[in-house]
Amino acid sequence: MLFKKRKYYHLSVEALEKNLRALGISEGDNIWVHSSATDLLCSSMEPPQKSYKSIVEYAYDIINMLIKLIGEKGSIFMPTDGIERNSRAQLIYGNPENYCFNYKRAVSTRGVITEVFRRRKDTIRSQFPIFNVTGWGKYAEQVLSENLKSGPYPMDEHSPWYKFTQMNGKVILMGKSPLDFNTMITLSCNIDRNMFKRPVFFDSLVMVPYIGNEGIKKEVLLKILYAPRKKSQLTNYSNYLNQEYSNIYNSIELENEVQIVSYESNKQYIAVRKALEKDVTFMDPRFWPNKPEETFQYKVLMYIKGKVDIALNRM
């Protein structure tokens, strides 16, 4: 046997806390957490002192550590969507699976840590059916309170995504290629939609049903983002922002290609807007993997882009 297979262990909660502190996370911070517990379970070469019977126990300890780290003066938010990204687009075709969001029951599709978090008795979950968020701490109610006013753009000025960014909270991404699930980048599509030269939402308004806190079925009219993403596309775009606008992201490399990344949400938003002023967005084929300039799709899109730009200049 030429190569001995490496054995990876879970990153201890103590080591995770140490890394977060090294990235500038401290008491009183407002944090927004994207995570993959599965990746963290295989991110260390050092055998931990504590073992876990299940991934749920590990997630529970991570959440308790975050709460202790942030303290009563801070807040924690996690996306807890009850519907996956691909399924949101399917709503355009008439809700074939008869989807109806119930904030009290819908399981989070954003990973084990988010599901354990939203089940806590001391957290608050938004009733909004798309881009759903759960919060804990000092500003949880303030950030989530107006979410049902959002529409037709789900991340508009009433959304937790926008309010958190206005607070200049800190975003934490944990896992393999963590910038690939940096959903906060799409905030600009909703807030600065008139700056985009090409459509980023489907034309049709979609009626999305949900169960409110009264237990009554309601509906909200929403625009669905048309933003097909390829693997590493958001990472490539984030790297572009980092190079162009002065080191937005801080990161720590763990074992097995796992990373912890943090950044200030408003700093990223400002950089995204500056890029948008140059007509650079995360949807550009230049951020696709595997030399997009050589693909037929890239050539077609560049041809269409040229035609649209000429038409807009003549208006």
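Tutor: Rings of Phe, Tyr and Trp, the six-membered ring in the case of Trp, form an aromatic pair if their centres lie within 6.5 Å. The model discussed here is predicted.

Student: How many aromatic pairs does a search of the whole structure find?

Tutor: The search covers the whole structure. The number of aromatic pairs found is 12.

Student: Are the rings of Trp32 and Trp161 stacked, edge-to-face or tilted?

Tutor: The centres of the rings of Trp32 and Trp161 are 4.6 Å apart, and their planes stand at 50°. Planes under 30 degrees apart count as stacked and over 60 as edge-to-face, so the rest are tilted. The pair of Trp32 and Trp161 is therefore tilted.

Student: How many residues apart are Trp32 and Trp161?

Tutor: Trp32 belongs to strand S1 (residues 30-35), whereas Trp161 belongs to helix H7 (residues 160-166). The pair thus links distant parts of the chain, and the separation is 129 residues.

Student: Which parts of the structure does the pair of Trp32 and Phe164 tie together?

Tutor: Trp32 and Phe164 form a tilted pair, with 5.1 Å from centre to centre and 55° between the planes. The two residues are 132 apart in sequence. The parts tied together are strand S1 and helix H7.

Student: Is Phe164 buried or exposed?

Tutor: The relative accessible area of Phe164 is 0%. Buried means under 20%, so Phe164 is buried.

Student: Which residue lies over the face of Tyr153?

Tutor: The position in question is 4.0 Å from the ring centre of Tyr153. The residue there is Arg193.

Key
Residues are numbered from 1 along each chain as its sequence is written. This is a predicted model: local features need pLDDT of at least 70, side-chain atom pairs count only at pLDDT 80 or more; totals for chains, interfaces and linings use all residues. Side-chain values use heavy atoms; hydrogens and water are left out. Helices (H or I, at least four residues) and strands (E, at least two) are DSSP runs, numbered from the N terminus. Buried means under 20% relative accessible area, exposed over 50%, partly exposed in between (1.4 Å probe, protein chains only). A charge sits over a ring if NZ of Lys or CZ of Arg is within 6 Å of the ring centre and within 35 degrees of the ring normal.
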